[in-house]
Amino acid sequence: MNTFGTLLWIDEKNYRPVNNKNWSVYSYFRQVDLLAKTLRLKFGNELVVFTNDEQKIHSWFADNGREPPTIIQISSSISVPQGISFYEAHHKLDALVAALDLVKTDDDRFFLLDCDIVALRRFDDEQLYMIQHADLIVYDISDQ
């Protein structure tokens, strides 16, 4: 089974996004909503959101009449320095540790996605082959 997850770490005190021009944490909620919708449509899968503030996300989805994704509360295992670039991203390891509980068999795969993407099409045959025969796959688009 394929499971798709994303990290939405909420810390408005240390919120200094590098790639969010409107400086609103709520733009990430809208991105999670769009990613969840496209994963349901293209893959038939639900999105799992790993967060430190489950209630805030549930409230936003309820207030906006949207269907919430699956939300899993996590806590930080490290002390991240305040003011550091990509502060929230430093908690991805915590999300990956929590995702281990979702991987039950050797055939299960977990994909940790950034929340600011959309699923436009399903995996092709070559991608499916690589996914089924690999222990770890990293897709790096840093150059883009």
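Helix α2 lies across β1, β2 and β3 and runs at about 160 degrees to β3, where contact means heavy atoms within 4.5 Å and where axes are lines fitted to C-alpha atoms, for helices over the stretch in contact, with angles from 0 to 180 degrees between N-to-C directions. Helix α3 (residues 92-99) also packs on the sheet, touching β1, β2 and β4, and its direction makes about 160 degrees with that of β4. The model is predicted, so local features need pLDDT of at least 70 and side-chain atom pairs count only at pLDDT 80 or more, while totals for chains, interfaces and linings use all residues. Residues are numbered from 1 along each chain as its sequence is written, and side-chain values use heavy atoms, with hydrogens and water left out.

**Overall layout**

- The protein has four helices and four strands, taken as DSSP runs numbered from the N terminus (helices: H or I, at least four residues; strands: E, at least two).
- Along the sequence, these elements follow the pattern β-α-β-α-β-α-β-α.
- Of the 144 residues, 37% count as buried, a term that means under 20% relative accessible area, with exposed set at over 50% and partly exposed in between (1.4 Å probe, protein chains only).
- Among contacts between residues at least 6 apart in sequence, 62% join residues at least 24 apart.

**The sheet**

- Four strands form an open sheet in the order β3-β2-β1-β4, with parallel pairing; two strands pair if DSSP finds at least two bridges between them.
- Because β3 and β4 stand at the edges with a single partner strand each, one side of each is left without a neighbour in the sheet.
- Direction ignored, neighbouring strands of this sheet are turned by 30 degrees against each other on average.
- β2 and β3 (residues 70-73) pair in the parallel sense over four bridges, and within this pairing the bridge partner of Phe50 in β3 is Ile72.
- From β2 the chain crosses through α2 to β3, and this β-α-β crossover is right-handed, that is, with the strands pointing away from the viewer, the path from the first strand over the helix to the second runs clockwise.
- Val49 stands opposite Ile71 in β3.

**Nonpolar cores**

- The largest nonpolar core has 22 residues, and those with the most contacts inside it are Leu8, Leu39, Leu47 and Ile57; such a core is a set of buried Ala, Val, Leu, Ile, Met, Phe, Trp, Tyr and Cys residues joined through side-chain atoms within 4.5 Å.
- At least two residues of this core come from each of β1 (2-8), α1 (26-43), β2 (47-51), α2 (54-63) and β4 (109-113), and α1 gives the most, with seven residues.
- Apart from this core lies another, of nine residues, among them Val48, Phe50, Ala95 and Ala99.
- Ile57 touches Leu8, Ile10, Phe29, Val49, Thr51 and Ile71, not counting residues up to four places away in sequence.
- In soluble globular proteins, nonpolar side chains tend to be buried together.

**Leu113 in β4**

- Leu113 lies in strand β4 and counts as buried, at 19% relative accessibility.
- Leaving out residues up to four places away in sequence, Leu113 touches Phe4, Gly5, Thr6, Leu7, Leu35 and Leu39.
- Leu113 and Leu47 are 66 residues apart in sequence and 9.7 Å apart in space, C-alpha to C-alpha.

**Aromatic pairs**

- A search of the whole structure finds nine aromatic pairs, where rings of Phe, Tyr and Trp (its six-membered ring) pair if their centres lie within 6.5 Å, and where planes under 30 degrees apart count as stacked, over 60 as edge-to-face and the rest as tilted.
- Phe29 and Trp60 form an edge-to-face pair, 5.8 Å centre to centre with 85 degrees between the planes, and this pair links distant parts of the chain, since Phe29 is in helix α1 and Trp60 in helix α2, 31 residues apart.
- Phe29 counts as buried at 0% relative accessibility, and Trp60 is buried with a relative accessible area of 10%.
- Phe111 and Phe123 form a tilted pair, 5.4 Å centre to centre with 35 degrees between the planes; Phe111 is in strand β4 and Phe123 in the loop between β4 and α4 (125-132), 12 residues apart.
- Phe111 counts as buried at 16% relative accessibility, whereas Phe123 counts as partly exposed at 23%.
- Ring pairs also link Phe4, Phe43, Phe111 and Phe123 into a cluster.
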